[in-house]
Amino acid sequence: MKKIQMVDLKGQYEKIKDQVQQGFDNVLSSTAFINGPEVHTFQSELEEYLGVKHVIPCANGTDALQIAMMGLGLQPGDEVITADFTFAATVEVIALLQLTPVLVDVLPDTFNIDPDAIEKAITPKTKAIVPVHLFGQIADMDRIMEIAEKHQLFVIEDNAQGIGSSYQVNSETRQKTGTIGHVGSTSFFPSKNLGCYGDGGAIFTNDDELAHTIRGIVNHGMYTRYHHDVVGVNSRLDSLQATVLRVKLPHLDSYNQTRRQVANQYTTAFKGYEAIITPYIVGNKCDTNHKTTCKTCDCHVFHQYTLQVKNIDRDQLVEYLNNHDIPCGVYYPIPLHKQKAYQDERYQEKDFTITNQLVTNVISLPMHTELDNDQIEFITSKVIEFIEGK
Ligand SMILES: *Cc1c(COP(=O)(O)O)cnc(C)c1O
């Protein structure tokens with residue numbers, strides 16, 4: 001059996017190697033390293049894939065979030081509501097811009113931001129909500145958009161883990177995550193579902209004016225050369241990364257489908273084990289006949305396959321798996337409201353019961369496009385062995 005990896009970038013690369021190298025050769029011989037045609041072409045291709053009017057590439061997913069917030073004109077002191085259970089980048093940029101992060105709890109099934117908790121946290125200073133489509137599953141965008149409309153708030157979707165996932169917005173239309181709110185962001189970090197071979201990110205919006213503002217912000221606040229109308233940043237996707245992304249984008253749906261198949265194999269193997277809660281999949285918004293085995297449903301793109309364990313020691317399970325050369329992850333081990341950098345005296349533990357529990361009982365198993373049946377079976381058998389031994 002091949003050595004099991006949390007993410008197998010090499011195996012995936014081997015399959016697209018020729019195209020990537022050809023792309024690299026072209027960029028190298030053109031020397032159009034920054035703002036070259038590859039970046040523009042990738043931008044249009046991603047716009048088409050997502051069905052969104054504007055994609056603005058940038059340097060990474062953290063910048064993408066920050067620039068989205070700058071583009072919306074959020075001002076110091078404005079409150080921005082986001083989930084307590086997410087990667088720190090989301091809250092980091094809020095704080096960096098001197099906005100006030102307001103962390104709220106998540107739902108016990110999807111691990112995504114709890115719309116009721118959002119409503120409770122709204123004050124006259126609230127300006128925006130940042131839902132994160134955690135682990136590749138869409139947050140409750142119906143409720144979130146409804147709340148935002150009612151209170152005149154912006155919605156910034158952190159789609160770093162959800163690219164390719166889509167949502168039934170009404171009986172006729174499915175829309176890709178990241179294009180439902182006022183603005184969306186993503187990351188092309190190598191291990192993401194659409195990853196490049198370095199850093200990269202992008203911002204999405206259907207708003208022409210916002211897109212124009214953001215295009216200036218990513219380029220030092222310039223709308224005309226050497227005229228700096230607003231304070232901007234320098235945040236660019238480079239042409240070599242764009243080349244990799246152009247090669248991978250046509251495979252994204254099949255990559256995500258493979259992830260769903262792996263998830264399905266895991267879930268099937270764990271059926272009937274009381275101690276394991278397998279990932280919940282938002283089914284009610286999907287096409288008819290949705291099942292967890294659904295072949296066409298793409299509401300969950302399994303950036304991570306995350307189990308919850310009941311009445312067993314999660315950390316011992318991690319150790320047991322690691323001892324059998326099975327890597328696994330704990331995303332995330334500490335709630336953001338307990339992180340030194342983001343503590344706030346307004347927070348009360350009773351408002352974070354779900355996150356406080358998740359940090360103790362979640363475990364993410366290896367998830368990537370190159371897992372084979374032997375590996376999946378070895379992983380599930382070791383998890384089950386541990387649970388039965390307890
Ligand atoms: C990866 C990630 C980011 C940051 O992306 P970078 O490209 O690493 O800056 C932001 N939010 C979430 C939820 C992420 O998973």
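Modeller: Quick definition to start: on a 1 Å grid over the protein atoms alone, a pocket is an open set of points with protein on both sides within 12 Å along at least five of seven lines. A molecule sits in a pocket if more than half of its atoms lie within 2 Å of its grid points.

Biologist: OK, so which pocket does the ligand take up here?

Modeller: The ligand takes up the largest pocket. Bear in mind this is a predicted model, where local features need pLDDT of at least 70 and side-chain atom pairs count only at pLDDT 80 or more, while totals for chains, interfaces and linings use all residues. Residues are numbered from 1 along each chain as its sequence is written, and side-chain values use heavy atoms, with hydrogens and water left out.

Biologist: What surrounds the ligand?

Modeller: Its surroundings include Thr62, Phe87, Asp158 and Lys192, counting residues with a heavy atom within 4 Å.

Biologist: How far is glycine 61 from a ligand oxygen?

Modeller: A backbone N or O atom of glycine 61 is 2.8 Å from one. That's a polar contact, meaning a pair of N or O atoms within 3.5 Å. Glutamine 161 has a side-chain N or O atom 2.8 Å from a ligand oxygen, and for a polar side-chain atom of asparagine 60 the distance is 3.4 Å.

Biologist: How much of the ligand does the protein cover?

Modeller: 91% of the 380 Å² of accessible area the ligand has on its own, by the Shrake-Rupley method with a 1.4 Å probe.

Biologist: New topic: what domains are there?

Modeller: Domain 1 is 9–250 and domain 2 is 252–388, with bounds from an automatic or database domain assignment. Their C-alpha centres lie 24 Å apart.

Key: A polar contact is a pair of N or O atoms within 3.5 Å; within protein, one must be able to donate a hydrogen and the other to accept it, and residues adjacent in sequence count only if both atoms are side-chain atoms. On a 1 Å grid over the protein atoms alone, a cavity is a set of points where a 1.4 Å probe fits but cannot get out, and a pocket is an open set with protein on both sides within 12 Å along at least five of seven lines; lining residues have an atom within 4 Å of a point.
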